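Please go through the structure shown here with the briefing below at hand. The points are grouped by topic, so that each can be checked against the coordinates in turn.

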Amino acid sequence: MKGRSLRFRMMLLFCMVVGGLLLSTYGIIYSIFARELRLQLDRRLGEAAGPMVADLQANAPEEDVFRLDLPDQYLELLDWSGKPLNMSRNWREHPIDVGVLDFPEDLPVFRTVRSANGPLRMELIPFELVHQPVVLAIAGPTRDIDIVLAHFRSVLMILLPVSLLLTAAISTWYVGRSLSPIAELTEHAARLTQAISQPGQVDLKTPRLVSNSHDELGHLASTFNELFARIVAVFQQLRQFVSNASHELRTPLSVLQGETELLLSERRDPAEYQKALEVIHGELRHLSRIVEGLFTLSMADAGQLRIANDALYVNEVLEEACEIAVPLARSKGISIDQHLQPEIESTGDESFLRDLFLIFLENAVKYSPPNTQIKVHLTRVNGSARVQFEDQGTGISSEHLPHIFERFYRGTGSDSVEARSGGLGLAIAQAIANAHGGKIECETAPGRGSTFTVILPLTARAV
Ligand code: ADP
């Protein structure tokens with residue numbers, strides 16, 4: 001039974017329950033019907049016996065009634081000890097054992113007896129005949145009742161298997177229909193597993209909706225659909241991430257390889273070594289930035305980004321970040337104008353917040369033409385610190401805007417050497433802002449500039 005399908009087991013259970021119910025219902029109907037037929041026969045015997053007893057009492061010692069020769073009516077008169085006094089001809093020809101004469105409360109008794117002509121229903125009526133207690137036995141065959149009951153039984157014997165077959169067919173259809181979402185889910189899950197284990201061979205698509213029903217299975221199906229869609233999305237993201245990461249790492253690694261191969265191919269003068277080492281150093285810094293960024297993101301994904309809960313002034317942290325960015329900005333003739341509201345107190349991680357502000361400042365410098373201006377605003381709005389970085393740079397086209405916070409995503413204008421932060425900057429910024437309970441907004445006008453706004457809740461230090 002364990003190896004059988006759920007469909008089969010449910011169908012079997014259904015049939016067993018319905019079969020049991022049908023059997024007991026048919027049994028009850030049969031016994032009520034049989035009892036009613038017997039009661040009718042008893043009533044008929046009583047109706048026939050009443051006038052006979054009256055006739056015997058009225059015409060004693062004449063006992064003409066025993067001369068009546070009705071084929072289906074057996075009569076006998078007995079004394080109280082059971083000795084026959086008179087009987088009808090058919091009784092004489094086929095003697096019948098009346099059994100023990102016992103009359104509780106002097107009332108007539110009924111019993112079923114066997115005779116040479118088949119089973120008989122018999123009524124024994126005690127009464128007094130000329131001051132002597134006597135018993136009149138009147139019996140009739142149960143043949144008609146038995147025929148009706150046998151007929152009824154054979155109808156039931158046909159009805160029961162037919163009803164069971166019908167139940168099995170309906171339950172198989174119904175259970176199959178109800179379980180079809182599970183079968184479809186299983187098929188989708190199998191396809192998904194195959195797509196994940198054999199990438200490239202099977203198309204990794206979001207499975208279609210398997211059921212529209214509003215019952216429990218329908219809900220299960222739509223929940224699984226969401227799960228499948230999520231798995232597919234995560235898997236695709238993962239694939240994209242791996243391909244982007246390897247692409248991003250391949251460039252500095254091939255530069256490093258080229259430089260070292262060049263250095264090793266022949267003896268060089270110190271100036272050449274110096275130049276090559278500078279290139280190598282730059283690429284190594286780039287690589288370690290990517291690796292550090294990936295580490296930060298993986299910690300954030302795991303919810304393990306260790307964010308300190310120190311008391312700090314947001315304006316001071318922002319000032320420090322601007323100071324760090326000034327040399328970079330100056331190298332492009334870009335000025336950083338600060339409009340910072342003083343004494344904005346909060347709690348958080350100073351080092352992470354500085355990194356967060358630096359990402360926007362560096363991006364603003366990277367994506368702005370020389371001799372432009374970057375404006376930094378800090379204000380307190382409704383219990384939050386609102387930090388704005390406004391540049392006069394390239395802006396971001398609507399095609400790129402929805403993706404700029406994705407890992408390794410790079411829009412236009414990011415191919416220059418100075419833009420090589422690995423495409424992780426905004427993803428890290430978002431992770432840091434989220435870890436501080438904040439959010440980032442972006443307004444941009446292609447060709448005119450962008451404004452990134454960081455909103456950080458000003459939380460008091462927990463004591
Ligand atoms: P990266 O700068 O290394 O490419 P980021 O994650 O910091 O990676 O930025 C993602 C993309 O967003 C950039 O490639 C760029 O196209 C766009 N971007 C970010 N900041 C700016 C900005 N201030 N002006 C214009 N484009 C920007």
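What follows covers a helix pair, the aromatic pairs, one proline and the salt bridges.

The model is a predicted one. A search of the whole structure finds 12 salt bridges, and the structure also holds 9 aromatic pairs.

**Helices H3 and H4**

- Helix H3, which spans residues 143-197, and helix H4, which spans residues 216-265, have axes that come within 10 Å and cross at roughly 10°.
- Since angles under 35 degrees count as roughly parallel, the two helices H3 and H4 are therefore described as roughly parallel to each other.
- On the H3 side, the residues that make the contact are Ser178, Leu179, Pro181, Ile182, Leu185, His188, Ala189, Leu192, Ala195 and Ile196.
- On the H4 side, the contact is made by Leu217, Leu220, Ala221, Phe224, Phe228, Ile231, Val232, Phe235 and Arg239.
- Sorted by class, the contact of H3 with H4 comprises 16 nonpolar, 2 polar and 1 charged residues.

**Aromatic pairs**

- A pair of aromatic rings is described by the distance of the centres and the angle of the planes.
- Tryptophan 80 and phenylalanine 103 form a tilted aromatic pair, with 5.5 Å from centre to centre and 35° between the planes.
- Tryptophan 80 lies in the loop between strand S1 (74-79) and strand S2 (84-87), while phenylalanine 103 lies in the loop between helix H2 (89-93) and strand S3 (109-115), so the pair ties together parts that are 23 residues apart in sequence.
- The accessibility of the two partners is given separately: tryptophan 80 counts as partly exposed at 41% relative accessibility, whereas phenylalanine 103, at 9% relative accessibility, counts as buried.
- Tryptophan 173 and tyrosine 174 form another aromatic pair that is tilted, with 6.4 Å between the ring centres and 50° between the planes.
- In this pair, tryptophan 173 is exposed, with a relative accessible area of 53%, and tyrosine 174 is partly exposed, with a relative accessible area of 46%.
- Elsewhere, Phe357, Phe360, Phe389 and Phe452 are linked into a cluster by ring pairs.

**Proline 161**

- Proline 161 lies in helix H3 and is partly exposed, its relative accessible area being 40%.

**Salt bridges**

- Glutamate 93 forms a salt bridge with arginine 89, in which the closest N and O atoms are 3.3 Å apart.
- Glutamate 93 and arginine 89 are 4 residues apart in helix H2, which means that they are separated by about one helical turn.
- Arginine 89 is itself partly exposed, with a relative accessible area of 48%.
- Arginine 268 forms a salt bridge with glutamate 272, the closest N and O atoms being 3.8 Å apart, and glutamate 272 counts as partly exposed at 36% relative accessibility.
- Arginine 268 and glutamate 272 also belong, together with Glu266, to a network in which these residues are linked by salt bridges.
- Glutamate 441 forms a salt bridge with lysine 439, with the closest N and O atoms 3.5 Å apart.
- Both partners have a value for accessibility: glutamate 441 is partly exposed, with a relative accessible area of 33%, and lysine 439 is partly exposed, with a relative accessible area of 45%.

Notes: Residues numbered from 1 in each chain as written. Predicted model: local features only at pLDDT ≥ 70, side-chain atom pairs only at ≥ 80, totals over all residues. Heavy atoms only, no water. Axes fitted to C-alpha atoms, helices over the stretch in contact; angles between N-to-C directions. Parallel < 35°, antiparallel > 145°, perpendicular 65-115°, else oblique. Contact = heavy atoms within 4.5 Å. Nonpolar A, V, L, I, M, F, W, Y, C, P; charged D, E, K, R; others polar. Phe/Tyr/Trp six-rings, centres within 6.5 Å; stacked < 30°, edge-to-face > 60°. Buried < 20%, exposed > 50% of the residue type's maximum accessible area, 1.4 Å probe, protein only. Salt bridge = Lys/Arg side-chain N within 4 Å of Asp/Glu carboxyl O.
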